[in-house]
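New notebook page. I want to look up a few spots in this one and write down what I find.

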Amino acid sequence: MARFRVLYTDRGDYSHDFALEQPYYDAIGAEIIDARLDHNALDWPTYERHLAAADALICFRVTVDRRAVEAAPRLKVAVRSGVGYENFDLAAFAERGIPACNVPDYGSEEVAVHALSMLLALRRRVVYFDKALRTGVWRGWPGGASMQRPSLQTVGVIGLGRIGRAFVKRAKAVFGQVIACDPFISAEDFASAGARQVDLDELLRESDAITIHVPLTRKTRHMIGEHQLKLMKPNAIVVNTARGAVLDQLALAEALNARTIEGAACDVWEREPAQLEHPLFTCDNFIGTPHVAGISVEGQIDNRTKQAQEVVRVLSGQPPRNPVVADD
(Lines give C-alpha, C1' and ligand atoms only; values in the text may rest on other atoms or scores of the structure.)
Protein backbone atom coordinates (compact mmCIF):
# COMPACT_ATOMS: atom_id res chain seq x y z
CA MET A 1 0.00 0.00 0.00
CA ALA A 2 1.24 3.49 -0.90
CA ARG A 3 2.50 5.67 1.94
CA PHE A 4 1.21 8.84 0.28
CA ARG A 5 -1.30 9.87 -2.38
CA VAL A 6 -0.45 12.82 -4.64
CA LEU A 7 -3.57 14.26 -6.26
CA TYR A 8 -3.23 16.01 -9.62
CA THR A 9 -6.57 17.84 -9.77
CA ASP A 10 -6.09 18.92 -13.39
CA ARG A 11 -3.24 19.43 -15.82
CA GLY A 12 -2.53 21.82 -18.67
CA ASP A 13 -1.43 19.01 -20.98
CA TYR A 14 -2.88 15.50 -20.93
CA SER A 15 -0.78 14.28 -23.85
CA HIS A 16 1.99 13.03 -21.56
CA ASP A 17 2.05 10.42 -18.82
CA PHE A 18 3.92 10.67 -15.51
CA ALA A 19 7.17 9.06 -16.62
CA LEU A 20 9.08 12.18 -15.60
CA GLU A 21 7.53 12.46 -12.15
CA GLN A 22 7.21 8.78 -11.24
CA PRO A 23 10.81 8.20 -10.08
CA TYR A 24 10.55 11.03 -7.53
CA TYR A 25 7.33 9.63 -6.08
CA ASP A 26 8.55 6.04 -6.14
CA ALA A 27 11.43 7.08 -3.90
CA ILE A 28 8.99 7.91 -1.07
CA GLY A 29 6.29 5.36 -1.86
CA ALA A 30 3.77 7.85 -3.24
CA GLU A 31 0.89 7.03 -5.58
CA ILE A 32 -0.23 9.47 -8.30
CA ILE A 33 -3.97 10.19 -8.62
CA ASP A 34 -4.78 11.85 -11.97
CA ALA A 35 -8.28 13.29 -11.38
CA ARG A 36 -8.62 15.33 -14.62
CA LEU A 37 -11.21 17.68 -13.16
CA ASP A 38 -12.76 20.48 -15.25
CA HIS A 39 -12.22 23.85 -13.57
CA ASN A 40 -15.08 25.42 -15.55
CA ALA A 41 -17.60 22.73 -14.54
CA LEU A 42 -16.23 21.30 -11.33
CA ASP A 43 -17.66 17.97 -10.16
CA TRP A 44 -17.54 18.67 -6.42
CA PRO A 45 -18.46 15.16 -5.16
CA THR A 46 -15.61 13.66 -7.19
CA TYR A 47 -13.24 16.43 -6.12
CA GLU A 48 -14.24 15.94 -2.47
CA ARG A 49 -13.68 12.19 -2.67
CA HIS A 50 -10.17 12.69 -4.03
CA LEU A 51 -9.37 15.39 -1.47
CA ALA A 52 -10.32 13.11 1.42
CA ALA A 53 -7.47 10.74 0.54
CA ALA A 54 -4.85 13.25 -0.63
CA ASP A 55 -1.58 13.83 1.20
CA ALA A 56 -0.49 16.33 -1.44
CA LEU A 57 -2.10 18.02 -4.38
CA ILE A 58 -0.92 19.70 -7.55
CA CYS A 59 -3.39 21.85 -9.43
CA PHE A 60 -3.45 23.84 -12.64
CA ARG A 61 -6.78 25.68 -12.96
CA VAL A 62 -8.95 24.05 -10.31
CA THR A 63 -9.67 26.28 -7.32
CA VAL A 64 -8.43 25.14 -3.92
CA ASP A 65 -10.62 27.24 -1.66
CA ARG A 66 -11.47 26.95 2.04
CA ARG A 67 -14.08 24.27 1.35
CA ALA A 68 -11.51 22.19 -0.52
CA VAL A 69 -8.86 22.61 2.18
CA GLU A 70 -11.34 21.54 4.87
CA ALA A 71 -12.25 18.48 2.79
CA ALA A 72 -8.63 17.29 2.83
CA PRO A 73 -7.79 16.15 6.39
CA ARG A 74 -4.55 14.43 5.35
CA LEU A 75 -3.23 17.28 3.18
CA LYS A 76 0.36 18.26 3.91
CA VAL A 77 1.31 20.37 0.87
CA ALA A 78 -0.27 21.94 -2.22
CA VAL A 79 1.62 23.06 -5.32
CA ARG A 80 0.32 25.31 -8.07
CA SER A 81 1.45 24.11 -11.50
CA GLY A 82 3.02 27.40 -12.58
CA VAL A 83 3.84 30.84 -11.28
CA GLY A 84 0.44 32.31 -10.36
CA TYR A 85 -1.47 31.13 -7.31
CA GLU A 86 -4.73 33.09 -7.38
CA ASN A 87 -6.75 29.85 -7.23
CA PHE A 88 -5.34 29.10 -3.74
CA ASP A 89 -7.08 30.31 -0.58
CA LEU A 90 -3.84 31.18 1.20
CA ALA A 91 -5.55 32.10 4.46
CA ALA A 92 -7.19 28.68 4.66
CA PHE A 93 -3.86 26.97 4.05
CA ALA A 94 -2.13 29.14 6.67
CA GLU A 95 -4.75 28.31 9.31
CA ARG A 96 -4.01 24.63 8.83
CA GLY A 97 -0.26 25.15 8.66
CA ILE A 98 -0.17 23.62 5.18
CA PRO A 99 2.46 25.06 2.83
CA ALA A 100 1.00 26.34 -0.44
CA CYS A 101 3.70 26.55 -3.10
CA ASN A 102 4.23 27.58 -6.70
CA VAL A 103 6.91 27.12 -9.37
CA PRO A 104 8.14 30.69 -9.87
CA ASP A 105 11.30 29.98 -11.84
CA TYR A 106 10.47 27.62 -14.70
CA GLY A 107 9.40 29.83 -17.65
CA SER A 108 10.63 33.38 -17.11
CA GLU A 109 12.61 33.46 -20.33
CA GLU A 110 9.72 32.09 -22.37
CA VAL A 111 7.17 34.61 -21.04
CA ALA A 112 9.57 37.53 -21.48
CA VAL A 113 10.30 36.57 -25.08
CA HIS A 114 6.60 36.03 -25.81
CA ALA A 115 5.73 39.47 -24.43
CA LEU A 116 8.47 41.11 -26.47
CA SER A 117 7.39 39.25 -29.61
CA MET A 118 3.80 40.48 -29.13
CA LEU A 119 4.97 44.06 -28.64
CA LEU A 120 7.07 43.90 -31.80
CA ALA A 121 4.29 42.23 -33.79
CA LEU A 122 1.99 45.10 -32.78
CA ARG A 123 4.58 47.81 -33.31
CA ARG A 124 5.43 46.49 -36.79
CA ARG A 125 1.81 45.42 -37.53
CA VAL A 126 2.95 41.96 -38.53
CA VAL A 127 -0.43 40.25 -38.11
CA TYR A 128 -2.31 43.04 -39.89
CA PHE A 129 0.03 43.00 -42.87
CA ASP A 130 -0.12 39.23 -43.13
CA LYS A 131 -3.92 39.29 -43.23
CA ALA A 132 -3.97 42.20 -45.69
CA LEU A 133 -1.45 40.55 -48.00
CA ARG A 134 -3.55 37.40 -48.15
CA THR A 135 -6.48 39.48 -49.43
CA GLY A 136 -4.42 41.20 -52.14
CA VAL A 137 -3.65 44.44 -50.30
CA TRP A 138 -0.01 45.35 -50.84
CA ARG A 139 0.34 48.49 -48.72
CA GLY A 140 -1.69 50.50 -46.22
CA TRP A 141 -2.69 50.07 -42.60
CA PRO A 142 -5.51 51.09 -40.23
CA GLY A 143 -6.16 54.83 -40.31
CA GLY A 144 -2.96 55.45 -42.23
CA ALA A 145 -1.04 55.56 -38.93
CA SER A 146 2.72 55.76 -39.30
CA MET A 147 5.17 53.19 -37.98
CA GLN A 148 7.92 54.53 -35.76
CA ARG A 149 11.41 53.38 -34.88
CA PRO A 150 11.43 51.37 -31.59
CA SER A 151 14.86 52.68 -30.61
CA LEU A 152 13.28 56.13 -30.25
CA GLN A 153 10.47 54.83 -28.06
CA THR A 154 9.96 54.07 -24.37
CA VAL A 155 8.80 50.69 -23.11
CA GLY A 156 7.16 50.46 -19.69
CA VAL A 157 7.32 47.33 -17.55
CA ILE A 158 4.65 46.84 -14.87
CA GLY A 159 6.17 44.39 -12.37
CA LEU A 160 9.91 43.84 -12.05
CA GLY A 161 10.05 40.29 -10.72
CA ARG A 162 11.80 37.41 -12.49
CA ILE A 163 9.83 37.79 -15.72
CA GLY A 164 9.92 41.58 -15.69
CA ARG A 165 13.70 41.59 -15.30
CA ALA A 166 14.06 38.98 -18.04
CA PHE A 167 11.97 41.22 -20.30
CA VAL A 168 14.06 44.32 -19.51
CA LYS A 169 17.25 42.46 -20.40
CA ARG A 170 15.90 41.72 -23.88
CA ALA A 171 13.97 44.94 -24.47
CA LYS A 172 17.04 47.13 -23.92
CA ALA A 173 18.37 45.89 -27.27
CA VAL A 174 15.24 47.13 -29.05
CA PHE A 175 13.75 50.15 -27.27
CA GLY A 176 15.46 53.45 -26.56
CA GLN A 177 14.41 53.69 -22.92
CA VAL A 178 13.06 51.20 -20.39
CA ILE A 179 11.02 52.38 -17.40
CA ALA A 180 9.35 50.21 -14.77
CA CYS A 181 7.12 50.32 -11.71
CA ASP A 182 6.98 47.87 -8.82
CA PRO A 183 6.39 48.93 -5.21
CA PHE A 184 8.05 45.77 -3.88
CA ILE A 185 11.41 46.22 -5.63
CA SER A 186 14.28 48.31 -4.25
CA ALA A 187 15.89 51.21 -6.08
CA GLU A 188 19.08 49.17 -6.27
CA ASP A 189 17.26 46.36 -8.07
CA PHE A 190 15.81 48.83 -10.58
CA ALA A 191 19.31 50.12 -11.26
CA SER A 192 20.69 46.59 -11.53
CA ALA A 193 17.97 45.63 -14.02
CA GLY A 194 18.66 48.73 -16.11
CA ALA A 195 15.20 50.28 -15.81
CA ARG A 196 14.29 53.77 -14.60
CA GLN A 197 11.93 53.64 -11.62
CA VAL A 198 8.59 55.46 -11.99
CA ASP A 199 5.11 55.14 -10.50
CA LEU A 200 2.25 53.55 -12.42
CA ASP A 201 0.62 56.78 -13.65
CA GLU A 202 3.95 58.13 -14.91
CA LEU A 203 4.64 54.84 -16.68
CA LEU A 204 1.25 54.91 -18.39
CA ARG A 205 1.72 58.51 -19.56
CA GLU A 206 5.31 58.13 -20.81
CA SER A 207 5.33 54.68 -22.43
CA ASP A 208 4.88 53.95 -26.11
CA ALA A 209 4.70 50.23 -25.33
CA ILE A 210 3.62 48.60 -22.04
CA THR A 211 3.99 45.05 -20.78
CA ILE A 212 2.36 43.62 -17.63
CA HIS A 213 4.15 41.15 -15.33
CA VAL A 214 2.37 41.09 -11.95
CA PRO A 215 0.54 38.31 -10.09
CA LEU A 216 -3.23 38.41 -9.76
CA THR A 217 -4.18 39.45 -6.23
CA ARG A 218 -7.04 41.37 -4.69
CA LYS A 219 -5.00 44.55 -5.16
CA THR A 220 -3.98 43.93 -8.78
CA ARG A 221 -7.38 42.83 -10.13
CA HIS A 222 -8.28 45.31 -12.92
CA MET A 223 -5.30 47.47 -11.99
CA ILE A 224 -5.40 48.51 -15.64
CA GLY A 225 -8.94 49.67 -16.34
CA GLU A 226 -10.79 52.46 -18.09
CA HIS A 227 -9.06 55.23 -16.13
CA GLN A 228 -5.57 53.82 -16.69
CA LEU A 229 -6.19 53.22 -20.41
CA LYS A 230 -7.16 56.87 -20.78
CA LEU A 231 -3.78 57.90 -19.35
CA MET A 232 -1.93 56.14 -22.18
CA LYS A 233 -0.64 57.83 -25.31
CA PRO A 234 -2.77 57.52 -28.47
CA ASN A 235 0.09 55.56 -30.07
CA ALA A 236 0.50 53.25 -27.05
CA ILE A 237 0.31 49.48 -27.23
CA VAL A 238 -0.15 47.18 -24.24
CA VAL A 239 0.57 43.48 -23.78
CA ASN A 240 -0.67 41.23 -20.98
CA THR A 241 1.05 37.90 -20.38
CA ALA A 242 0.41 37.94 -16.60
CA ARG A 243 -3.19 37.12 -15.65
CA GLY A 244 -6.35 38.00 -17.55
CA ALA A 245 -8.08 39.84 -14.72
CA VAL A 246 -5.16 42.22 -14.11
CA LEU A 247 -6.34 44.07 -17.24
CA ASP A 248 -10.04 44.93 -17.65
CA GLN A 249 -10.55 43.31 -21.04
CA LEU A 250 -13.96 44.87 -21.71
CA ALA A 251 -12.50 48.33 -21.10
CA LEU A 252 -9.58 47.37 -23.33
CA ALA A 253 -11.92 46.38 -26.18
CA GLU A 254 -13.67 49.75 -25.90
CA ALA A 255 -10.36 51.61 -26.03
CA LEU A 256 -9.20 49.63 -29.06
CA ASN A 257 -12.45 50.15 -30.95
CA ALA A 258 -12.38 53.86 -30.14
CA ARG A 259 -8.70 54.04 -31.24
CA THR A 260 -7.77 55.83 -28.02
CA ILE A 261 -4.77 53.49 -27.92
CA GLU A 262 -3.07 51.95 -30.94
CA GLY A 263 -3.08 48.25 -30.14
CA ALA A 264 -3.03 45.45 -27.60
CA ALA A 265 -2.23 41.78 -27.19
CA CYS A 266 -3.29 39.26 -24.55
CA ASP A 267 -2.02 35.77 -23.87
CA VAL A 268 -4.21 35.48 -20.76
CA TRP A 269 -7.96 35.86 -20.31
CA GLU A 270 -10.42 36.59 -17.53
CA ARG A 271 -12.15 33.32 -18.41
CA GLU A 272 -10.17 30.51 -19.97
CA PRO A 273 -10.52 29.10 -22.53
CA ALA A 274 -11.31 32.43 -24.19
CA GLN A 275 -14.81 32.65 -25.66
CA LEU A 276 -15.10 33.22 -29.41
CA GLU A 277 -17.68 35.95 -28.85
CA HIS A 278 -15.26 37.98 -26.72
CA PRO A 279 -15.34 41.68 -27.78
CA LEU A 280 -11.57 41.75 -28.21
CA PHE A 281 -11.88 39.45 -31.22
CA THR A 282 -13.79 42.18 -33.07
CA CYS A 283 -10.81 44.54 -32.80
CA ASP A 284 -8.49 44.63 -35.83
CA ASN A 285 -5.73 46.14 -33.65
CA PHE A 286 -5.64 43.19 -31.26
CA ILE A 287 -3.55 40.01 -31.14
CA GLY A 288 -4.50 37.05 -28.94
CA THR A 289 -2.77 33.82 -27.97
CA PRO A 290 -4.16 30.94 -25.84
CA HIS A 291 -2.12 31.25 -22.61
CA VAL A 292 1.01 29.77 -24.16
CA ALA A 293 3.62 32.38 -23.20
CA GLY A 294 5.35 30.13 -20.67
CA ILE A 295 5.40 27.02 -22.84
CA SER A 296 8.52 25.35 -24.19
CA VAL A 297 9.70 21.75 -24.11
CA GLU A 298 12.42 22.65 -21.65
CA GLY A 299 10.14 24.82 -19.55
CA GLN A 300 7.49 22.13 -19.20
CA ILE A 301 10.07 19.59 -18.09
CA ASP A 302 11.37 22.09 -15.56
CA ASN A 303 7.87 22.86 -14.27
CA ARG A 304 6.81 19.24 -13.87
CA THR A 305 10.09 18.27 -12.23
CA LYS A 306 9.98 21.10 -9.71
CA GLN A 307 6.37 20.35 -8.78
CA ALA A 308 7.24 16.76 -7.93
CA GLN A 309 10.42 17.75 -6.10
CA GLU A 310 8.49 20.21 -3.93
CA VAL A 311 5.91 17.59 -2.98
CA VAL A 312 8.61 15.02 -2.18
CA ARG A 313 10.55 17.59 -0.18
CA VAL A 314 7.60 18.35 2.11
CA LEU A 315 6.33 14.77 2.42
CA SER A 316 9.87 13.81 3.44
CA GLY A 317 9.77 16.26 6.32
CA GLN A 318 11.80 19.06 4.74
CA PRO A 319 10.72 22.72 4.39
CA PRO A 320 9.29 23.79 1.02
CA ARG A 321 11.48 25.67 -1.42
CA ASN A 322 8.82 28.02 -2.82
CA PRO A 323 6.01 28.70 -0.31
CA VAL A 324 3.70 31.62 -1.07
CA VAL A 325 1.83 33.83 1.40
CA ALA A 326 -1.11 36.21 1.22
CA ASP A 327 -0.31 39.71 -0.02
CA ASP A 328 -1.89 41.35 3.00
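Which residues is M232 in contact with, leaving aside its neighbours within four places in sequence? I looked it up: M232 is in contact with L204, I210, I224, V238 and I261, with neighbours within four places in sequence left aside. Contact here means heavy atoms within 4.5 Å.

Ground rules before I go on. This is a predicted model, where local features need pLDDT of at least 70 and side-chain atom pairs count only at pLDDT 80 or more, while totals for chains, interfaces and linings use all residues. Residues are numbered from 1 along each chain as its sequence is written, and side-chain values use heavy atoms, with hydrogens and water left out.

**Entry: the core.** I went to the largest nonpolar core, which has 32 residues; I212, M232 and L252 touch the most other members. A nonpolar core is a set of buried Ala, Val, Leu, Ile, Met, Phe, Trp, Tyr and Cys residues joined through side-chain atoms within 4.5 Å. Buried means under 20% relative accessible area, exposed is over 50%, and partly exposed is in between (1.4 Å probe, protein chains only). Elements that each supply at least two residues of this core include β7 (177-181), α9 (200-206), β9 (209-212) and α11 (249-257). The largest share, 5 residues, comes from α11. The element names are DSSP runs numbered from the N terminus: helices are H or I with at least four residues, strands are E with at least two.

**Entry: α5 and α7.** Next I checked how two helices meet. Helix α5 (residues 108-123) and helix α7 (residues 162-171) pack at an angle of about 50°, with their axes 8 Å apart. The axes are lines fitted to C-alpha atoms, for helices over the stretch in contact, and angles run from 0 to 180 degrees between N-to-C directions. α5 and α7 are therefore oblique to each other. For the cut-offs: under 35 degrees is roughly parallel, over 145 roughly antiparallel, 65 to 115 roughly perpendicular, and the rest oblique. On the α5 side the contact includes V111, A115 and L119, and on the α7 side it includes I163, F167 and R170. I also listed the buried residues of α7: I163, G164, A166, F167, V168 and A171. They pack against α5, β6 (154-158), β7, α8 (187-193) and β9.

**Entry: R96.** I found R96 in helix α4 (residues 90-96). The backbone oxygen of P73 lies 3.5 Å from a polar atom of the R96 side chain.

Entry: E310 sits in helix α12 (residues 297-315) and is buried, with a relative accessible area of 2%. Its side chain makes a polar contact with the side chain of R313 at 2.5 Å. A polar contact is a pair of N or O atoms within 3.5 Å; within protein, one must be able to donate a hydrogen and the other to accept it, and residues adjacent in sequence count only if both atoms are side-chain atoms. S81 is in the loop between β4 (77-80) and α4, and it counts as buried at 13% relative accessibility. The S81 side chain makes a polar contact with the side chain of Q307 (2.9 Å).
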